[in-house]
Amino acid sequence: MENVSFPYLSYVTFIPSVAALILLFLNRKSHELLRWVALIFMLADFVVSLGLYFNFDSSTAAMQMVEDHTWVRDWGISYKLGVDGISLFLVLLTTMLGPIVILASWKDIKVRVKEFLICLLVLQTGMIGVFVSLDLFLFYVFWEIMLIPMYLLIGVWGNPARRLYAAIKFVLYTIVGSLLMLVAILALYFMAGAASDSYTFDLLKLYEFPVPIYAQFWMFLAFFLAFAIKVPMFPFHTWLPDAHTEAPTVGSVVLAAVLLKMGTYGFIRFAIPLFPNAAMDAAWWVCLLAVIGIIYGAWVAMVQTDVKRLVAFSSVSHLGFVMLGMFAFTVQGVQGSIIQMINHGLSTGALFLIVGMIYERRHTRLIEDFGGISKVMPLFAVLFMVFTLSSIGLPGLNGFVGEFLILLGAFKVYPWYAVIAASGVIFAAVYMLWMFQRVMFGEVTNPKNKGLKDLGAREVLVLAPILVFCVWIGVYPNTFLKPMEPSVKNFIQMVEKKRAAVLDLEKEKKQSSGETAGMKLTSSGRHTER
Amino acid sequence: MTDLVWLIPVFPLIGFLINGLFTRKLPEKAIGWIGSLSVGASFVVAVLIFLEVLGMEPGSRSVQKIVYTWILSGDLSVPIGFLIDPLSLVMMLVVSGVGFIIHVYSIGYMHGETGFRRYFAYLNLFVFNMLILVSANNFLLLFVGWEGVGLCSYLLIGYYYEKKSAADAGKKAFVVNRVGDFGFLVGMFLIFITFGTFDFTQVFSEATAKLTQGGLMVTGITLLLFLGATGKSAQIPLYTWLPDAMEGPTPVSALIHAATMVTAGVYMVARCSVLFAMAPVSMTTVAVIGGATAFYAATIGMTQFDIKRVLAYSTISQLGYMFMACGVGAFASGIFHLMTHAFFKALLFMAAGSVMHAMAGELDMRKMGNLRHKLPQTHWTYLFGTLAIAGIFPFAGFFSKDEILFYSFERHMGFWILGALAAIMTSYYMFRSVFMTFYGKSRVEADVAHHLHESPPIMTVPLMILAGLSLVGGLVGIPIIQGWHVFGDFLSPVFAPATAILTSNAHGAAHHSLALELILMGMSLAIAVGGLLFARYMYIVDPAAPDRVISRIPEIHQLVYNKYWVDQLYDILFVNSIVKFSRFLWKAFDDAVVDGIVNGLARLTRGFGGVLRQLQSGLVKDYALSIMVGVVVIIGYLVLR
């Protein structure tokens, strides 16, 4: 874990911000120039991020490309970045979607283009930062940085009717969770610092600190709330349909593809390894919520009248799978969970792009306004169909690999949960195909739909890379499974080992608690003084 | 040659890619032949491999070819790999052979359709998936093909997607199949936790060691797998999608909904014969469901007027036979019937398609009649198909059906009765369709009548080939004479382990009695001829008879004609109730409860802020008052402490 010669991660994280800075100085009226600058920087960012993949060592679970610099020495805050098999593909997903998102918004956004692009670029830095931070303080900074541009994206460029309600709901929901998380981070910082006498926010060092069980419960609860809202898990999901529906197309894309993964990633990187006892004790309940979310999301999606809302509820269902796999704590479950994070980013991102493309043409998202679109837009129909199938987990495409691994992994631990979750595949087919049928099949009844233009080159270019990865993951998932395997195995081992260690510690404490009851009081009093 | 087995599925995949991506500008003929020849090439490879396997020792006719590792995660390792053995070879030959014939026929049948290219692309994609299904060497890869054929079935049923009924039927097929797939999926999980692998050879060879005979696990696994089979192969209770699937183009019905895809369930049960043999409860379930479906679908078949619906119910019924065969332990007979059925049912559908072609898409047999002079080739081939399915000697269906009835009798008299009743009904409704379509008085409407024409050779030649197969296809399974059942002998190594388990359980099973076999054979034949004569009486001798019968028992006729109202029942029980409940969840839980709390909290905060705001009135006297109150409270506290 030495500092590598080339600081890939810093470049990947901050290239978008540099672009945002440059945009500040450009003429706000030359929209094309602004867009090109943003696009080129996003592309450059993606190219640099490929360096992560090619320099990645698939044989180790350790953090790679680590950069470690002291930031605020007195408080033990450092600028520490690194990737492992868990975060690698999330970073790549984010950087890949960067240029796609700029391209997709090319014609869509016509007002305040400069501000819009700056928001996207800053958001990009925030998201990548969350995935590569190895310092809790740094992580929290990135976590909060993301919030502001997303708030603006929904509130300024959203759907005029309800955008403010949706934006404020999004922010309040998120802040409630993240403030509690901040409290827990600080509590952990002081507790670990007091125990070892070296105060640090370094995640890898905090991993090694065995948090007492009673404290784990409360800290995990705080982290859980923050992340569960972000995922979103049932029943904290109600901000999502509103945010998705009111956000502009690319807002929804980023929200679905990357932002939701902050929650699931937060669990796997922070909440679980820091508080393994609490996490494992809660696993049964978390999985219960996940399974409810899978079925509930699918059912409610089925009766939606707005395509975007439908896709939003399908996210609740898909993210339920991610959580179920993760909290099964088996290799297949966790690997499936990570693959499914990527899959959901690809297919749901693509679906939001698809919905956006048709919204641009018709300015409606109501299912009943469509019908017979296949006839008018055959190329669009093919791509829509492929992403629909990817979303419902058809073998040969990406969704199946993730869902199957998750269900198999979960089945080993919670067979009944897996069985109920597996029935979700039936409902996924129902809501997606029913929607597809009503939008694409039948005769063109609405005269407004008659003259619709099929997809142009730019739109195909937007969807093509996503399509490639959907097929790739479906046909040869090992490209993605192999690099993450050591990290996943290490994750499970570490969690179990630490859990056992804490349990041993508690046992020791109990044995000696008779003699040292008085001492414990004074020592804890001393801690709080600090 | 066996090293090239991967070419068998890959050829149609290439055809799919070419037609899907590049042939926008090409004429119909080129597109059609690209599609057809890609399947033809698979057939050639399959034949070559078949010949090579014939040269091997019967005991060693099982070869695995791994292409690459597909999914590797922890203790799970799933390859893309193929299993070549007699069972998969039979399936590969049937799928690619019959598939090729149907592709060629489609060039003529689909002539002039706007979606010609799309049609051939889907059809190739289907054959690719079907070949994956039958040649996979593990459960998960089989499942890939299993879902893939379901997708293609969905796409092809909904080929005329502008028609709502077609789009509905496609969706229904997919969703009902997914109910079955759910069972399959859970069955696979149980297999994995028991065996730690999905590999067929490994699972089946370790089955007796790792599972207890008749135990809960093996029963659970097989019943769940069978649930998958009832979906794909349209058995009770998941058969309702197949009649609706007739919305697709007729060659699709021939290929997917008669010859190949719907037999996937039978193939899968036969493939897992060892597991099923270990679970007597499951075997009985398979036999009962199969027999009941054979009987039940035949009753509906007798009342339908839509020629394709008659054939659809007949397919469900015949699939029931195949399952009954598997359920009584006669796996080879089930596969035998699967093959002969592929010949004659594909033929019947395509001949019906030829009738439709001549009659501008008309399907109602009440508007046909006396077509044999205008459509001579179609008539003869359809008749051959009917003779075969009715089980008239020496057509193919006679041998395979008789064999199933014989083994059913050996297992239990009840199965034989079910099968025999279904057989007589089959013979009746099939000859009924022959008489209504090709004989009697013409009821063809005038504007259709003068367009009547025989189909072009590109359609009739495939019909003749299949008619020939329907005639001689059964000769590979001549009963009674030892050593003449070439087909059964070829398959026997595959089913040997299952047979061993079954015979050891039966403690000296009934021995083949030549007399019994001959008696049963005579009865089969009598049944077939009886159905024929009855149909002839009803529709030729006394054409008023059917109406008399209906008026005698109107309620029963209505019940059967409306398919026992099962579709409506399912709609009420499952579809409507779930949709209603989901609306309730959305409105009552999401909007009212969760958002009620969220918005309520927001309102509460604002309200509370409003109250607090009153304190900051900006008036000095208010602040003075609050200071006073504060002082009093503090002093009071200090004093009273």
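Modeller: Contact means that heavy atoms lie within 4.5 Å. Residues 24 or more positions apart account for 81% of the contacts in chain B with a separation of 6 or more. This is a predicted model, in which local features need pLDDT of at least 70 and side-chain atom pairs count only at pLDDT 80 or more, while totals for chains, interfaces and linings use all residues. Residues are numbered from 1 along each chain as its sequence is written, chains are lettered from A and ligands numbered from 1 in the order in which they are written, and side-chain values use heavy atoms, with hydrogens and water left out.

Biologist: What makes a stretch of chain B a helix or a strand, and how many of each are there?

Modeller: Helices (H or I, at least four residues) and strands (E, at least two) are DSSP runs, numbered from the N terminus. Chain B has 26 helices and 2 strands. Its C-alpha atoms fill a box of roughly 115 × 65 × 60 Å along the principal axes.

Biologist: Why is Thr386(B) called buried?

Modeller: Buried means under 20% relative accessible area, exposed means over 50%, and partly exposed lies in between (1.4 Å probe, protein chains only). Thr386(B) has a relative accessible area of 0%, so it is buried. This residue is found in helix α16 (residues 376-390) of chain B. Leaving aside neighbours within four places in sequence, Thr386(B) is in contact with Leu348(B), Met430(B), Phe431(B) and Val434(B). Of the 641 residues of chain B, 57% count as buried.

Biologist: Why is the pair of Tyr53(A) and Phe89(A) called tilted?

Modeller: Rings of Phe, Tyr and Trp (its six-membered ring) pair if their centres lie within 6.5 Å; planes under 30 degrees apart count as stacked, over 60 as edge-to-face and the rest as tilted. A search of the whole structure finds 81 aromatic pairs over all chains. For Tyr53(A) and Phe89(A), the centres are 6.2 Å apart and the planes are at 55 degrees, so the pair is tilted. The pair links distant parts of the chain, with Tyr53(A) in helix α2 (residues 31-54) and Phe89(A) in helix α3 (residues 85-104) of chain A, 36 residues apart. Tyr53(A) is partly exposed because its relative accessibility is 27%, whereas Phe89(A), at 5%, is buried.

Biologist: What makes Phe139(A) and Trp143(A) a tilted pair?

Modeller: Their ring centres are 5.6 Å apart and their planes are at 50 degrees, so this pair is tilted. Both residues lie in helix α5 (residues 136-157) of chain A, 4 residues apart, about one turn of the helix. Phe139(A), at 0% relative accessible area, is buried, and Trp143(A), at 1%, also counts as buried.

Biologist: How do you know that the charged end of Arg366(B) sits over the ring of Phe305(B)?

Modeller: A charge sits over a ring if NZ of Lys or CZ of Arg is within 6 Å of the ring centre and within 35 degrees of the ring normal. The charged end of Arg366(B) is 3.9 Å from the centre of the Phe305(B) ring and sits over that ring. In chain A, the charged end of Arg35(A) sits over the ring of Trp106(A), 5.9 Å from its centre.

Biologist: Why does Leu48(B) count as partly exposed, and which patch includes it?

Modeller: Leu48(B) has a relative accessible area of 39%, so it is partly exposed. Like charges are joined within 9 Å, and nonpolar side chains (Val, Leu, Ile, Met, Phe, Trp, Tyr) within 5 Å. Leu48(B) belongs to a nonpolar surface patch whose members include Met1(B), Trp6(B) and Val67(B), with about 660 Å² of accessible area together. Accessible areas come from the Shrake-Rupley method with a 1.4 Å probe; for residues, only the protein chains shown count as cover. Helix α2 (residues 28-54) of chain B gives the largest share of the patch, 4 residues.

Biologist: What is the phi of Asn370(B), and why does this residue count as partly exposed?

Modeller: Asn370(B) has a positive phi of about 55 degrees although it is not a glycine. Its relative accessibility is 26%, so Asn370(B) counts as partly exposed.

Note on methods:
Patches are made of residues with over 30% relative accessible area and no salt bridge: like charges are joined within 9 Å, nonpolar side chains (Val, Leu, Ile, Met, Phe, Trp, Tyr) within 5 Å. A salt bridge is a side-chain nitrogen of Lys or Arg within 4 Å of a carboxyl oxygen of Asp or Glu.
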